[in-house]
Every structure is written in C-alpha cells, then in structure tokens.
Amino acid sequence: MRRRPKVPPRPAPPEPRINERIRVPEVRLIDEEGRQIGIVKTSEALAMARQRDVDLVEVAAQANPPVARLMDFGRFKYEQSKKEREARKHQVNVQLREVRMKPKIDDHDIDFKTRTAAKLLKEGDKVKITVMFRGREITHPQIGKALIDRVIKSLEHIATVEKEAALEGRHMTAILAPDKRKLAALAKAASAPSSAGAPAKADEEDEEVAKAAAAAPVVGDDLPDEDDDEDADEE
C-alpha cells in the first residue's frame, strides 16, 4: 500500500502584542469606538487601558509609530473565532473523487461509470477518470485514451477538462471539474414541468448510481489500487 507524505499543518498566525508586551516608546492610539486619539506615550496608553478596563492591542506593528487600539481582547478573539466558524460553514468542500475502469469494459458498464461521474460532478466534486491496465494491456494505451475521450464527450454538457488524459505508470487518467454555468442551465431546464414520470427501472438504476457515487474513493486517501496483485500473473 502506497502512502502519501502528510502535509504539515499551517502554523497559526502570531497573535498581536498586547499591554506590557508592547515595547515601543509611543503608539498611534485608537479608542474603543474607532476614534483617532493621536500619538501618545505607550505608558499613557496603558494607563488609559487600565482605567477603562480594556486591553491595549498593537494592530499595525509595521507602522511608524505602531498603531494600537483599546479593546476587550478576549471578546475580540471570540468574535473573530465565531466569524471564522461561520465562514467555514459556507465554504464548499470540493473533493477529487475517482471513477475507475478497465480496458475490457462493455458499453453498459461504460454508461454506468459515466453516470456515476456525472452524479459526482453535479454534487460539486472533481472527478478523476482512471483506466487501469493489467499485464500486456499496457501495450495498447490507445484503448484507454479512447475510453476516457468517450466519457469526456458524454460529460461535456456539465464538465470541463482540468487535466487531459495522460499515462501514469499502469494507469491512464484525466481530471474533470464541474462547470457551474452548464450545471446551472441544466438545473433550470430540469425544473421545467415534465409531462411523464420516469419508469421504475430508471429509478432503480439511479439508486445504483447514487450508491456507486457515494462509494467512489477520494483521491489522496490511502487506498490500495485494484488488481495490482494480478499484474504479475497476467504477464
């Protein structure tokens, strides 16, 4: 099993200096209401902060003189943390999901894999299309290229090609990204009144596609490659 090296987390940004940690002789002071007080001695600014039961916080250390503000620093950090949490809630977590095929795949399975990729794209994820070669199949990469091109053409109404098909070891891969404009137009067309309902069989097939999409591996997870153990037997 191949493992990717883990990327170390980004270090947290340094906190601003507050109160007695501010060592400069004078600061450009701003009060709690955002009003400019002017340049004052740091000792005077500290005395003012104590008198008002707030903190003196250096907000622009590179300025000359540095800019400091009177504020409740604990409350300020809480409000900032709250805003960051709210911002993260509205972020779209785009994942790169993989749909795998083999060169010897029949038309029905190609259609199923294509609809699985379409389901992932409509959910906002990027899709890595992978054709896995075993044994002597690697001597016919054009088969994999034709398969990937066929899938790309079938999905061009909702996706853009982010990475063209390329051979990587015994796998040929391409990456598709959802096209927001095309998807929006498709959703608008789908919301129009329909005269006939879909047959039960189509509903069952859609459920199978949904299951396959949910099971599609996330690229970057430490997952074993299918059929790697069979390669030696095929040659």
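**Ground rules.** I call a residue buried under 20% relative accessible area, exposed over 50%, and partly exposed in between, using a 1.4 Å probe and protein chains only. Residues are numbered from 1 along each chain as its sequence is written, and side-chain values use heavy atoms, with hydrogens and water left out.

**Confidence.** I checked pLDDT, the predictor's confidence in each residue from 0 to 100. The chain averages 84, and 80% of the residues score at least 70. Over residues 221-235 the pLDDT is below 50, yet that stretch has 27 contacts in the model beyond near neighbours in sequence. Contact here means heavy atoms within 4.5 Å. Where pLDDT is low, the predicted coordinates should not be read in detail.

**Overview.** I count helices (H or I, at least four residues) and strands (E, at least two) as DSSP runs, numbered from the N terminus. The chain comes to seven helices and eight strands. Buried residues make up 31% of its 235 residues. I also looked at contacts with a separation of 6 or more: residues 24 or more positions apart account for 64% of them.

I say two strands pair if DSSP finds at least two bridges between them. An open sheet of four strands has the order S2-S1-S4-S3, with mixed pairing. For angles I use axes that are lines fitted to C-alpha atoms, for helices over the stretch in contact, and angles run from 0 to 180 degrees between N-to-C directions.

I then went through some of the pairings. S1 and S2 are antiparallel over five bridges, with isoleucine 30 opposite glutamine 36 in S2. S3 and S4 also run antiparallel, joined by five bridges, and leucine 56 has leucine 70 in S4 as its bridge partner. A hairpin of six residues joins S3 to S4. Helix H1 lies across S1, S2, S3 and strand S4 (67-71), running at about 120 degrees to S2.

**Around S6.** Is strand S6 mostly covered or mostly open, I wondered. Strand S6 (residues 126-132) is mostly covered, with six of its seven residues buried. Strand S5 (residues 96-101) pairs with S6 in the parallel sense over six bridges, and leucine 96 stands opposite lysine 126 in S6. From S5 the chain crosses through helix H3 (residues 107-122) to S6, a right-handed β-α-β crossover. Right-handed means that, with the strands pointing away from the viewer, the path from the first strand over the helix to the second runs clockwise. S6 is also joined to strand S8 (residues 171-178) by six bridges, and these two run antiparallel. Valine 127 stands opposite leucine 176 in S8.

**Salt bridges.** My criterion is a side-chain nitrogen of Lys or Arg within 4 Å of a carboxyl oxygen of Asp or Glu. How many salt bridges does the structure hold? It holds 18, and I followed up a few.

- Glutamate 20 bridges to arginine 50, the closest N and O atoms being 2.7 Å apart. Glutamate 20 sits in the segment before strand S1 (26-30) and arginine 50 in helix H1 (residues 42-52), 30 residues apart. Glutamate 20 is partly exposed at 46% relative accessibility, whereas arginine 50 is exposed at 53%.
- Arginine 150 and aspartate 107 meet at 3.2 Å, N to O. This pair links helix H4 (residues 141-154) to helix H3, 43 residues apart. Arginine 150 is partly exposed at 38%, and aspartate 107 is exposed at 52%.
- Arginine 115 bridges to aspartate 206, with 3.8 Å between the closest N and O atoms. Arginine 115 is in helix H3 and aspartate 206 in helix H6 (residues 200-215), 91 residues apart. Both are partly exposed, arginine 115 at 24% and aspartate 206 at 45%. Through shared partners, salt bridges join Asp111, Arg115 and Asp206 into one network.
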